[in-house]
Each structure stands twice: as C-alpha cells, then as structure tokens.
Amino acid sequence: MRHAIEAADITAEVTLPSGDRLRILDGLSLSVPEGAAVAVLGRSGSGKTTLLTVLGLMSRHHRGRLTLGGIETDNLSDAATADLRNSRIGFVFQGFSLIDHLTVLDNVELPFVYGAPVPAPRRRALELLDQVGLAGFGSRPVNQLSGGEQQRVAIARALVRSPSIILADEPTGALDIRTGGAVMRLLRDTTRGAGAALVVVTHDRDVAAIADEQWVLRDGRLHAPDAAGGEAGP
C-alpha cells in the first residue's frame, strides 16, 4: 500500500509572549494511504490547524519526519518545498477563501498561476465545475453564490491541479447542517474518484463520519475515538 502522507514524531512549539514555549504537537505520527480519507477530531486550540500547516508545508517550524508521496520534505529547499506544495497539495478552508470580485471560473483557475504550466487549464477548470455541480456558473461573481455553492467552488479550486493530497480545515464550519453534509459527501466522493488522500480536521463528529479512519487530537497526539465517537464541541 502506497502512502500519500507519512508523518513521524512531529513536534511543533510556539513561543508565548512570556517567552515560554508551548508544545502544540508532541511526537505525533500519522500515515494516510493514497485514496483514503482521514478525519482528525479536536476541540478549538487542540492543534488541528497547526497539524494541517505542517502537513501542507506551510510551516517548517517543527521537528520529526514528513514524507509526501515518497518525497522526504525535511531537507528540501524553500523553492523545492513551494513546488511540492503547489503541485501535490490542495487546500479547502472553512471560510472558503475565495476572491469576491472574481468570477467562479477565475477563482477555480487561480492555482494555475503558480507552479508548472498544465495543458488546457480552462478545460480542466470547467470539468471540475461540472463535477461539483456548478456547470454554467463560471461567469458568475462568487459573492452572488450561496454558502454551499461557494464551498463547491473552493473544492473545485483545490482539485484543479490534480493534487495527490487534499487538506480541509473545518470545511463545513460556515454551512448549515444539511448543506454541510452534502458538501462533505461531495468532497469525499471527488477526492476518492481522483485517487487523492483527504485529511479533514474538525470538531464535528458528523463531518468526521465520512472518513475511512478517525482520530482524536488531544495533548498533542492522536488517539483512537472513544466509544461515544470522539470529541465534539467548540
């Protein structure tokens, strides 16, 4: 079995205003096979977003070993790290992180601005919009869409460069329960169809239920969910 993500003994700390060091991740390890979905449950402040910044190569301030798609990342140059992030990783954020004054199609095409050129980028963007149920929406400004539609645009944007890893940070936090459930099913189905590994961090057990594997992030480490289904709450 090939793994898209292999993180071993990851430790991350921050410096408090007092000068003291606060350990956020404490020897955490996680392996995610290609095409699998993993959900990490945790309360606010448990380190979920820190974990995604490490896995997504947005922070190098950690110790441990991180291998993405067979590439050991710890000694890569800044340029090589950026290339790997742009080519292998897609991000889905809680607040959508779309650019309001751009159209739907322009937002989906944004990842093509970075990294190596790809053939027929517009056709690829239109294909993704069709896959997420937004065919014909390309010319609309994103600020005219519903929350669920905006998150579908964000999913299309995350997938447009055919990444092998999708990282989602509370992807339904701004949506109602019904819309959030539909968006999560869409995210799981589209990543599975693309053969991409999906890591979702959330405090919501219903969101985590779509994953093949669930973990609870507590005290800087991953634990198996308890009989009640893990942690919930803000």
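His62 counts as buried (under 20% relative accessible area, with exposed over 50% and partly exposed in between; 1.4 Å probe, protein chains only), because its relative accessible area is 17%. The model is predicted, so local features need pLDDT of at least 70 and side-chain atom pairs count only at pLDDT 80 or more, while totals for chains, interfaces and linings use all residues. Residues are numbered from 1 along each chain as its sequence is written, and side-chain values use heavy atoms, with hydrogens and water left out.

**His62**
- His62 sits in the loop between helix 1 (48–55) and strand 4 (63–68); helices (H or I, at least four residues) and strands (E, at least two) are DSSP runs numbered from the N terminus.
- Beyond neighbours within four places in sequence, His62 has contacts (heavy atoms within 4.5 Å) with Ile10, Thr11, Ala12, Val54 and Asp74.

**Ala156**
- Ala156 belongs to helix 5 (residues 147–159).
- Ala156 is buried because its relative accessibility is 0%.
- Residues up to four places away in sequence aside, Ala156 touches Val108, Leu128, Leu129 and Val132.

**Nonpolar cores**
- The largest nonpolar core (buried Ala, Val, Leu, Ile, Met, Phe, Trp, Tyr and Cys residues joined through side-chain atoms within 4.5 Å) has 39 residues, of which Ile155, Ile166 and Leu187 touch the most other members.
- Helix 5 gives the most to this core, six residues.
- Ile155 is in contact with Val92, Val132, Val183, Leu186, Leu187 and Thr190, leaving aside neighbours within four places in sequence.
- A second, separate core of 30 residues includes Ala4, Ile89, Ala197 and Leu217.
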